[in-house]
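Please read them with the structure open beside the text.

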Amino acid sequence: YQRRVRDKPNLTLKMTSSSSSLCFVTVGSTEFDDLIRAIDNDTFLERLQDLGCDELLVQHGRGTYEPTTLVNGTQLGINIRVVRFLDSLDAFMRRATLVVAHGGAGTATEALRNGRSLLVVANDALMDAHQSELADRLARDGRVLTSTCSGVLDTLANDVPSFVTVPKTPMPPARAGRLARLLDAALPASAWIHNATDDALNAKTVRSLLVLGSGGHTAEMLAMLQAESIGSVRLRRMLQPRTFVAASTDKGSESALRRVDAASVLERVPRSREVLQSYVTSVLSTLWALVACVPLVYRAKPRLLLVNGPGTSLPVCLVAYILALIGLCPPVAIVFIESACRVHSLSLTGKILLRLGLCTLFIVQWKELATKHPNAVFLPLIFDDDEYESAQSDEE
């Protein structure tokens, strides 16, 4: 995330004493004015007092609503800071007593990997109300609490006090080893670069193009590369040389990538569709993105194209497929990983790619979605699934 503090754009956000009790409210990289409006009152602060919180950090993204009660300063004994964006959520996730967040997969992942108590208020204004899918699935497993904007104050009074007292086991890192093994088995022999090395993890590599998307899509993609597990090390060494692609307006993905993989090349393309952009205007912006992707893909000449759902990935996939078809680029394996926030329905990008039949592998991460699409590969990478665990015995 790009750091930008309201009315003070160059202010550096400093950590306070680790003995304080922090409530961290975050809406991610988009806007969620309904949630900010629902908590912008003294009743919310009184609920935090009852929970023992003496610090509140509100990250409200690109919203147009400006809080009037929750402003920088101290109220009811609570130190309040209000910002639009943060460079990283991790430092605040690590020390928050309670996280109140939208239902994005990236935010949920960070909170659960840090063992935090998470109250999810899904932003149902987004496409297909997909945040509710993930929130309800995680709540079913007892990992999070859920609420609505209209009910968040009641949830804080009735359900959160007991929930925050239950110790939370940090969720394990992304299962990158599963993806590495699948790629090893599924990619044709001609795609691999065979290296003369004694290192078994680096014996063969594949020229790769990875597409990032703002917010959760980038968080999911980078989660598989940044963990210190053997699986992540193997995947990082396998995807070489690798180039990342992000939309020209996507500032957050670049800063996130530099923290994880500072040496990698990042290419820019026009964004094919903004969040909440109409389908009509999306056709024109996608056509422009298609044209811009041609020289990028031609230079990169990937043998593996790894994408996980952002609209930016659609023109890249189409151009890579066409250039390989007409012989201007070598054959490319397109591997689509549906976002972990998609439990029951595919994303628009997923629907299009599946209908066009462009993918070498089409991966979904929840059993419910795999049941609806029998040709998809069921492979949980971000959140573990009990049915998968009972049928597999893999080690990271």
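1. I begin with His-373, which touches Leu-346 and Leu-354 when residues up to four places away in sequence are left out of the count. Please keep in mind here, and throughout this note, that the model is a predicted one.

2. As to where this residue sits, His-373 belongs to the loop that runs between helix 15 (367-372) and strand 17 (377-378).

3. Turning to helix 14 (residues 348-356), I would point to Thr-349, Gly-350 and Leu-353, which are buried. Seen down the axis of helix 14, the buried residues fall within an arc of 95°, and they therefore line one face of the helix. As background, an α-helix has 3.6 residues a turn, so residues three or four places apart point the same way.

4. What do the buried residues of helix 14 pack against? Their partners are helix 13 (313-325), strand 15 (333-337) and strand 16 (361-364). Just after helix 14 comes Gly-357, whose phi is positive, at about 70°.

5. A separate point concerns helix 8 (residues 176-186) and helix 10 (residues 230-238), whose axes come within 7 Å of each other and cross at roughly 45°. Helix 8 and helix 10 are therefore oblique to each other, and the crossing in which helix 8 passes helix 10 is left-handed.

6. On the side of helix 8, this contact is made by Ala-176, Gly-177, Leu-179, Ala-180, Arg-181, Leu-183 and Asp-184, while helix 10 contributes Gly-231, Ser-232, Arg-234, Leu-235 and Met-238. Sorted by class, the contact of helix 8 with helix 10 comprises six nonpolar, three polar and three charged residues.

7. Finally, for the chain as a whole, the protein has 16 helices and 17 strands, and 55% of its 396 residues are buried. Where contacts link residues at least 6 apart in sequence, 69% of those in the protein chain join residues at least 24 apart.

Notes:
Residues are numbered from 1 along each chain as its sequence is written. This is a predicted model: local features need pLDDT of at least 70, side-chain atom pairs count only at pLDDT 80 or more; totals for chains, interfaces and linings use all residues. Side-chain values use heavy atoms; hydrogens and water are left out. Axes are lines fitted to C-alpha atoms, for helices over the stretch in contact, and angles run from 0 to 180 degrees between N-to-C directions. Helices (H or I, at least four residues) and strands (E, at least two) are DSSP runs, numbered from the N terminus. Angles under 35 degrees count as roughly parallel, over 145 as roughly antiparallel, 65 to 115 as roughly perpendicular and the rest as oblique. A crossing is left-handed if the near helix is turned anticlockwise from the far one by less than a right angle, and right-handed if clockwise. Contact means heavy atoms within 4.5 Å. Ala, Val, Leu, Ile, Met, Phe, Trp, Tyr, Cys and Pro count as nonpolar, Asp, Glu, Lys and Arg as charged, and the others, Gly among them, as polar. Buried means under 20% relative accessible area, exposed over 50%, partly exposed in between (1.4 Å probe, protein chains only). The arc is that of the directions from the helix axis to the C-beta atoms.
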